[in-house]
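Student: I'd like a close look at a single part of this model, and then how the rest is put together. Could you walk me through it?

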Amino acid sequence: MSRRATQVEQQRLRAMLALERSLWEGGASYVAGVDEAGRGALAGPVVAAAVILPRSMLIRGLNDSKQLTPAARDRLYVVISCAALGIGVGVVDHEGIDRENIRRANLRAMRQAVDALPLRPDHLLIDGVDCIDWPWPQTPVIDGDAKSLSVAAASVMAKVTRDRLMVECDQRYPGYGFARHKGYGTAEHIEAINQHGLCPIHRRSFRVTRHNGFRSPPSRGQVSRE
Amino acid sequence: MPDTTRARGARGEAIAARFLAAKGYEILDRNYRAGRGELDLIVRQDDCLVFVEVKTGSSRQFGPPETWVDVRKQRRVTRAAVRYLQTHGLNDAACRFDVVGICQDRGRTNIVHIENAFWSEE
């Protein structure tokens, strides 16, 4: 990397630490970014991650997980797991999502991620508009994964973790293409559902899966077949 | 005895050290402890001091992800690095942070070396 490019990159990363910096200057030592992956998918769990970054660290290339290629996310996953002061992951599976609703399942996964941290953070930066059930200071940040480095780090950890879980699901339930679309509603996925019906990890409470020709939604634990 | 995390980590560090030595780096120190932080490898390439974090995974990619992300880690890499620089009187030395990821799967070893993985502003 040229000197100039390094400077530009460092500048970009520093700008993404503005929220963290104001908290650090206010006396917080540990600020955790919290984000989730898999909210809109038709199958599989929702996965949340919480990441505490050290004060002085700029991680090259870190950005909103949606802006990154899968290869770049894998690379950053390794770097973040080395560089972070603490990482926590929370998973709520399809049954949890059907039992509550996606929003609450999501918040519960985030809470689990924060609980799994090895340190108690002084402040949370949470992607989105909601606060979680957590007795210490927190700030929801709309578009947080683009605005805060900690939230971006959490978005990468959540996304990569979930993608890998979905690749495992693909081995257990082949024929749906989970390894490719990770449970999201792509044309291939919808087509597979129409052909084979739902598999055990589909979220039965999601309307899309009902619209697509399923007669009997959803008593829990029962696999409906066309 | 099953393969413990610690044994795997130590083996990974040995592989990383050999790998970097083969790349022409000079190995200065291994498992350097500074207070609560630890530096896996400290190597040198020309005039640049390189602090290397080694991440070792087991099965394909990095194993069941929840298991290795959840590891309690409080590695203060940069702070340990600063300590290292101070104790060795190297405050002005050029340095960088690299990450080496190693995953072993059925006898095959994959190594990724990420140079300049992060910067410290301390």
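Student: In which helix is H94(A) found?

Tutor: Happy to! This is a predicted model, where local features need pLDDT of at least 70 and side-chain atom pairs count only at pLDDT 80 or more, while totals for chains, interfaces and linings use all residues. Residues are numbered from 1 along each chain as its sequence is written, chains are lettered from A and ligands numbered from 1 in the order in which they are written, and side-chain values use heavy atoms, leaving out hydrogens and water.

H94(A) is found in helix α4 (residues 94-99) of chain A; helices (H or I, at least four residues) and strands (E, at least two) are DSSP runs, numbered from the N terminus. H94(A) counts as buried because its relative accessibility is 14%; buried means under 20% relative accessible area, exposed over 50%, and partly exposed in between, with a 1.4 Å probe and protein chains only. Leaving aside residues up to four places away in sequence, H94(A) touches G44(A), P45(A), P200(A), I201(A), H202(A) and R203(A), where contact means heavy atoms within 4.5 Å.

Now for the sheet. Five strands of chain A form an open sheet in the order β4-β2-β1-β5-β6, with mixed pairing; two strands pair if DSSP finds at least two bridges between them. Its edge strands, β4 (86-92) and β6 (138-141) of chain A, each pair on one side only. From one strand to the next, the twist averages 20°; axes are lines fitted to C-alpha atoms, for helices over the stretch in contact, and angles run from 0 to 180 degrees between N-to-C directions. Strands β1 (residues 31-37) and β2 (residues 46-52) of chain A run antiparallel, joined by six bridges, and A32(A) has I52(A) in β2(A) as its bridge partner.
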